[in-house]
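Trainee: I have a new structure open and would like to learn how to read it. Could you take me through a few features?

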Amino acid sequence: MPRGKAYPRISYRDPDWLRRRAIHLKRFPWCRYCQQQGRNVKATHVDHILPHRGNAALFEDDSNLQSLCRICANTVKQVEEITGGELGCDLLGNPRSASHPWSGGSPDPPKYTSQTIGRMLRERKQKDD
Ligand SMILES: [Zn+2]
């Protein structure tokens, strides 16, 4: 990232973020995704629903936060960000993808295979390290 960027540096070590995070986890202690599947799992992560990608307004918007467990934060959410949320099903078993044949979509082959998602997750992890 070049110096002189247009937005303030966002840090997960910032005391203000740590305070907001703690307040959110106290208010919403259960993983939101697990709850949608009918399970109560203690949340450990506070996630930005819309990825902020350096956007301070999205980063600082408390309505853009959700509590997630470690597994959902590190797998389900990551896959959602890569695929645009097209994988999996809701609590009733209905596909979340609008392009799924059950949703009236075309029977085109899936855009993402477990191999492509695995590769994209590895690339993303390498970029974050
Ligand atoms: Zn979870």
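Mentor: Let's begin with burial: a residue is buried under 20% relative accessible area, exposed over 50%, and partly exposed in between, using a 1.4 Å probe and protein chains only. C31 has 0% relative accessibility, so it counts as buried. Keep in mind that this is a predicted model, where local features need pLDDT of at least 70, side-chain atom pairs count only at pLDDT 80 or more, and totals for chains, interfaces and linings use all residues. Residues are numbered from 1 along each chain as its sequence is written, and side-chain values use heavy atoms, leaving out hydrogens and water.

Trainee: Which protein donors does the zinc ion have?

Mentor: Donors are N, O and S atoms within 2.8 Å of the metal (3.2 Å for Na, K and Ca); water is not among the atoms, so sites may look incomplete. Here they are the SG atoms of C31, C34, C69 and C72, lying 2.3 Å from the zinc ion. Along the chain, the donor residues follow the spacing C-x2-C-x34-C-x2-C. C31, in the loop between α1 (15–27) and α2 (32–36), and C72, in helix α4, are 41 residues apart, so this pair links distant parts of the chain. Helices (H or I, at least four residues) and strands (E, at least two) are DSSP runs, numbered from the N terminus.

Trainee: Why is the arrangement around the zinc ion called tetrahedral?

Mentor: Four donors count as tetrahedral if all angles lie between 85 and 135 degrees. The four donor atoms here subtend angles of 102 to 116°, which makes the arrangement tetrahedral.

Trainee: Is H48 buried or exposed?

Mentor: H48, in strand β1 (residues 45–48), is buried at 4% relative accessibility.

Terms used
Four donors count as tetrahedral if all angles lie between 85 and 135 degrees; four count as square planar and six as octahedral if opposite donors are over 155 degrees apart and all others between 65 and 115; anything else is irregular.
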